[in-house]
Amino acid sequence: METTAALRQALLADREQTLTGIYQRTFPMVRRYVQQHGGSAQDAKDVFHDALVIFYEKVVGETLVLSASASTYLVGVCRNLWRQELSRRTRQPAISLTDEHTEVAEEAELAEQATLSVLEQVERLGERCKDILLAFYYFQQPLEQIAATHQYRTVRSATVQKFKCLERLRNSVRALVSAATA
Amino acid sequence: MRPTLEYLRQLERHLLGQHTAAEAEAWRVRQLLDSELAADADTQQLLYQGLQVAGRQQLRRELELIHARLERPSRRQTWWQAATSPLRSLLVRRSRGH
């Protein structure tokens, strides 16, 4: 069995190849389970992708130590997610919403809108900036690797470029907020 | 690094909890003197949240591509191929027999 540290290294070094290997080994088991428990192949894919996103974030964020293989862990997560989904599909709203609930929902919606505005601006950054920011802040690739991928001669150059990209994002988000409040 | 970028770096170190004890203390003092600091930190936090969501979307797109590649019809038998497979095997065996 691969250690979590080795798996993390593999995901950082070659995400596509590592995820493809995990996909090939695990998805058939997940599909079989979901289809045997009232779901479709599409349901299986959705659940598996949700599990892989959780898995990626936990492994690269070093908040998970695997005590079994990655496939065993993922199948376990998928089973839980699918059980939750089945229960969500059959559940009926038992209580009516109070004013307090509505207030909380409105606050959550505002926060979500702010995040979505940032998301929109991320999509408008050039490919290079978007790649650098996502590589560092989401995919958690080391700056050495980002420098090599984008052909910066030094890690310092890559670091400066990363902050330039962050500044661009910040300025566009601020401009959006100013326009919205004007 | 120019001052604006250095400022972003300082905000990042604060938000990611990378400040040393001395830097954290200096930060607390600075917060008392600079009314913009908290608002700038909130904006930067918002950027990180947006980048998390954007990163998840990117990962999901990559997973869709992997799925599409692995589940291409050519890799799996269509119902027609599955239904006619025994017949095709028989024909192959017979042609080899001749």
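The model discussed here is predicted. Val29(B) belongs to helix H2 of chain B, which covers residues 21-33. Together with Leu32(B) and Leu33(B), Val29(B) forms a nonpolar surface patch of about 370 Å².

Tyr7(B) is part of helix H1 of chain B, residues 3-15. Its relative accessibility is 16%, so Tyr7(B) counts as buried. Leaving aside residues up to four places away in sequence, Tyr7(B) touches Arg170(A) of chain A, and in chain B Arg30(B), Glu36(B), Leu37(B) and Asp40(B).

| Residue | Relative accessibility | Class |
|---|---|---|
| Tyr7(B) | 16% | buried |

In chain A, a pair of helices is in contact. Two packed helices are described by the angle between their axes and the distance between the axes. For helix H1 (residues 4-13) of chain A and helix H3 (residues 41-60) of chain A, the axes come within 9 Å and cross at roughly 110 degrees. H1(A) and H3(A) are therefore roughly perpendicular to each other. On the H1(A) side the contact is made by Thr4(A), Leu7(A), Arg8(A), Leu11(A) and Leu12(A); H3(A) contributes Phe55(A), Tyr56(A), Val59(A) and Val60(A).

Conventions:
Residues are numbered from 1 along each chain as its sequence is written. Chains are lettered from A and ligands numbered from 1 in the order in which they are written. This is a predicted model: local features need pLDDT of at least 70, side-chain atom pairs count only at pLDDT 80 or more; totals for chains, interfaces and linings use all residues. Side-chain values use heavy atoms; hydrogens and water are left out. Patches are made of residues with over 30% relative accessible area and no salt bridge: like charges are joined within 9 Å, nonpolar side chains (Val, Leu, Ile, Met, Phe, Trp, Tyr) within 5 Å. Accessible areas come from the Shrake-Rupley method with a 1.4 Å probe; for residues, only the protein chains shown count as cover. A salt bridge is a side-chain nitrogen of Lys or Arg within 4 Å of a carboxyl oxygen of Asp or Glu. Helices (H or I, at least four residues) and strands (E, at least two) are DSSP runs, numbered from the N terminus. Axes are lines fitted to C-alpha atoms, for helices over the stretch in contact, and angles run from 0 to 180 degrees between N-to-C directions. Angles under 35 degrees count as roughly parallel, over 145 as roughly antiparallel, 65 to 115 as roughly perpendicular and the rest as oblique. Contact means heavy atoms within 4.5 Å. Buried means under 20% relative accessible area, exposed over 50%, partly exposed in between (1.4 Å probe, protein chains only).
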